[in-house]
There are 2 protein chains.
Amino acid sequence: MSNIKLVIEYDGTNYGGWHRQKNAVTVQGVVEDALCRLTGEEINLIGASRTDSGVHALGQVANFHTNCTIPPDRYAYALNSLLPMDIRIRESLAVPESFHARYSAIGKRYRYSIYNRIPGTALYRNISYNVYQPLDRAKMAEACRYLIGTHDFSAFRAAGSSAKTSVRTIDQAEITGTEDMIYFLIKGNGFLYNMVRIIAGTLIDIGKGK
Amino acid sequence: MSNIKLVIEYDGTNYGGWHRQKNAVTVQGVVEDALCRLTGEEINLIGASRTDSGVHALGQVANFHTNCTIPPDRYAYALNSLLPMDIRIRESLAVPESFHARYSAIGKRYRYSIYNRIPGTALYRNISYNVYQPLDRAKMAEACRYLIGTHDFSAFRAAGSSAKTSVRTIDQAEITGTEDMIYFLIKGNGFLYNMVRIIAGTLIDIGKGK
């Protein structure tokens, strides 16, 4: 049996998030269906991260086990011919039996894009969050510095989080961007449920002077 | 009678280009219809540039004449409430009677985005052109230098161009970009029919080593 790793890019606009659901079209569901057509097997695709509805991925990592004998690097080509254009398999390769996309992850990197201009953006409307009020980027950048390190992030955890510990290590947290777009980049060994979104919301409040 | 200038951003994905057509939904047509609802007049919107189907704009300039007494800066707000989210009016203001979006233009700037990676991109698929074969950016940048200045660009004119002269002045022509995305930026006093597209195609050929 082979263990195959996929690196997946997707535009989450038209999906109900990553995780397979009964009542929504999801990225996991669509890729699993394509894998089923390709291999003739019922495939359980393990994703590194459950992204929410409307969230995109440039490099979601996933893996699955199969008895199919397609050469590992050919899964990318074969899947891309079956998948819609808003989901692309960047690469496929064989990994050791022990590899598990979620448990083997040693870090994750998120980018939160804030479009900071009236009246919002037509061209980037699906890949950014509009904030009309001018944001103080210097204050946001300063606040980022306090995130770096190993801390108890329980204040940034959504209700319903079931993680055993709320201690996480953040390696990178910074504000970059262009004239109208502000990027909040954050990289760490793991994130609590909704932690990135709550931190981004807090940074926006700081940028507004709250 | 007022002369109102609009600066318009649009995602051209779902439109048959800028120019009003009988058999296609176009950006000019949609904005003119919104202006008609707003003013109760039949409005003729003059655009600085006719963009092709699928081409986007970050700052298309247009103007129109009206007897309507809405304060000039309020057109942007009023139109944005009537327009679909893929068309946004960035600003509206009163301009002198003599202002004409096309004839008064002293320069235009285009950006051509090339996504240079297999298997293409899910997230940026509507705002870039996919080239799978690796492109030599240094060669493309070198070729750009020959474009700058005042030249006869008849070699880069599409059949059917009706311009009186094919001499144009290019102020800026450069290659920038990120890891996977190559931007070709070009700025000049005017462009012949399809000139930017033909130049971009030539640069891609150069990047491929042709």
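A salt bridge is taken here as a side-chain nitrogen of Lys or Arg within 4 Å of a carboxyl oxygen of Asp or Glu. In this predicted model, 6 salt bridges are counted between chain A and chain B. The two chains bury about 2100 Å² between them, and a pocket lined by residues that include Asp11(A) and Asp11(B) is also described.

**Extent of the interface**
- Chain A contributes 25 residues to the contact, and chain B contributes 25 residues.
- Of the area buried between chain A and chain B, 56% lies on carbon and sulfur atoms.

**Polar and charged interactions**
- Arg117(A) and Glu9(B) form a salt bridge through their side chains, with an N to O distance of 3.0 Å.
- Between chain A and chain B, 12 residue pairs are in polar contact, counting pairs with both residues at pLDDT 80 or more.

**The side of chain A that touches chain B**
- At least two residues of this side come from each of strand 1 (2-10), strand 4 (87-95) and strand 5 (108-115) of chain A.
- Strand 4 of chain A supplies the largest share, 4 residues.
- By class, this side of chain A comprises 12 nonpolar, 4 polar and 9 charged residues.

**The second largest pocket**
- The volume of the second largest pocket is about 280 Å³.
- Its lining consists of 16 residues, and those nearest the centre of the pocket are Asp11(A), Arg125(A), Asn126(A), Asp11(B) and Asn126(B).
- The lining of this pocket divides into 6 nonpolar, 6 polar and 4 charged residues.

Terms used. Residues numbered from 1 in each chain as written. Chains lettered and ligands numbered in written order. Predicted model: local features only at pLDDT ≥ 70, side-chain atom pairs only at ≥ 80, totals over all residues. Heavy atoms only, no water. Contact = heavy atoms within 4.5 Å. Buried area = accessible area lost by both parts, 1.4 Å probe. Polar contact = N/O pair within 3.5 Å; in protein donor to acceptor, adjacent residues only side chain to side chain. Nonpolar A, V, L, I, M, F, W, Y, C, P; charged D, E, K, R; others polar. 1 Å grid on protein atoms, 1.4 Å probe; cavity = no way out; pocket = protein on both sides within 12 Å on 5 of 7 lines; lining within 4 Å. Points joined across faces, edges and corners; volume = space filled by probe spheres on them.
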